[in-house]
Amino acid sequence: MNHTYIPVDKHDFKSVETLADMKREEVIPLLPELLEWIQDMNWPIASAMVDLLLKYKVETVPHLKIIFSQSDSAWTYNILAYLIKDWNTELISELSSDLRELAQTMDHYVDTDLLSIEILYNHRLIETEEATELLVRKAGEIEATLHNFTKEQKVTFTKLEHEKSHILNTDTRGILNYIEVNRKSLNEKDQYENLLRRYQEIETMINTNGGRLNRE
């Protein structure tokens with residue numbers, strides 16, 4: 001395999017431009033390595049790499065299946081949100097079993113489950129009733145976890161937020177000490193807020209259009 005044109009760093013736009021001008025048969029063997037450059041969409045070349053990969057939709061399908069099986073939520077989310085979300089239904093259907101598995105697996109961090117449900121639903125690969133049942137189950141699991149947080153913890157979270165605001169408005173040099181001293185409670189606060197955000201997003205999805213999800 002010719003690795004000459006694989007980007008060497010996240011600023012290597014020249015390699016991406018060269019790849020865009022190469023013959024398909026030269027680029028196709030490189031797809032597994034090229035997909036690695038959308039693991040983080042904050043990398044400068046990530047968007048350009050997405051544009052390149054969109055020229056090889058059919059050829060990327062087998063590689064996407066492998067990535068989806070690796071439990072890399074951030075990478076999977078980027079593929080769902082930036083690469084395949086606007087594919088046609090015929091191509092999406094080739095990934096339907098993988099998307100269903102993602103939809104059924106709880107993802108507390110980057111919401112690959114919710115995005116998978118949305119993609120399946122918008123392409124009519126899942127019925128409204130099934131999508132709603134999945135969302136209701138997820139909401140129930142999150143609600144149960146939220147109930148595990150005590151009133152005392154929630155009061156602490158509020159105090160921590162006020163303390164952070166005070167530090168940022170007075171002397172930002174104290175923020176590092178604030179983080180170090182409150183590390184455990186801040187981690188719990190982040191978990192609580194992330195769970196609450198997900199719960200609210202799921203409730204919104206369930207209630208959209210009188211309980212029906214949006215279909216494009």
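Lysine 65 is partly exposed, its relative accessible area being 29%. In this predicted model, lysine 65 forms a salt bridge with aspartate 98, with 2.7 Å between the closest N and O atoms. The two residues lie 33 residues apart and link distant parts of the chain, lysine 65 belonging to helix α5 (residues 57-68) and aspartate 98 to helix α8 (residues 96-104). Aspartate 98 is buried, at 14% relative accessible area.

In total, the structure holds 16 salt bridges. Another of them pairs arginine 173 with aspartate 171 at 2.9 Å, N to O. Here arginine 173 is exposed, with a relative accessible area of 70%, while aspartate 171 is partly exposed at 32%.

Helix α13 comprises 25 residues and spans 36 Å between its first and last C-alpha, close to the 36 Å expected at 1.5 Å a residue. Lysine 184 is exposed, with a relative accessible area of 61%, whereas glutamate 188 is among the buried residues of the helix. Salt bridges with shared partners also join Asp111, Asp113, Lys138, Arg197, Arg198 and Glu201 into one network.

Arginine 198, located in α13 (residues 183-207), is buried, at 0% relative accessibility. Beyond its neighbours within four places in sequence, arginine 198 contacts Met106, Asp107, His108, Asp111, Asp113, Leu114 and Ile142. The cover over the buried residues of α13 includes α9 (112-122), α10 (128-146), α11 (151-170) and α12 (175-181).

Definitions and conventions
Residues numbered from 1 in each chain as written. Predicted model: local features only at pLDDT ≥ 70, side-chain atom pairs only at ≥ 80, totals over all residues. Heavy atoms only, no water. Helix = DSSP H or I, 4+ residues; strand = E, 2+ residues; numbered from the N terminus. Buried < 20%, exposed > 50% of the residue type's maximum accessible area, 1.4 Å probe, protein only. Contact = heavy atoms within 4.5 Å. Expected span 1.5 Å × (residues − 1). Salt bridge = Lys/Arg side-chain N within 4 Å of Asp/Glu carboxyl O.
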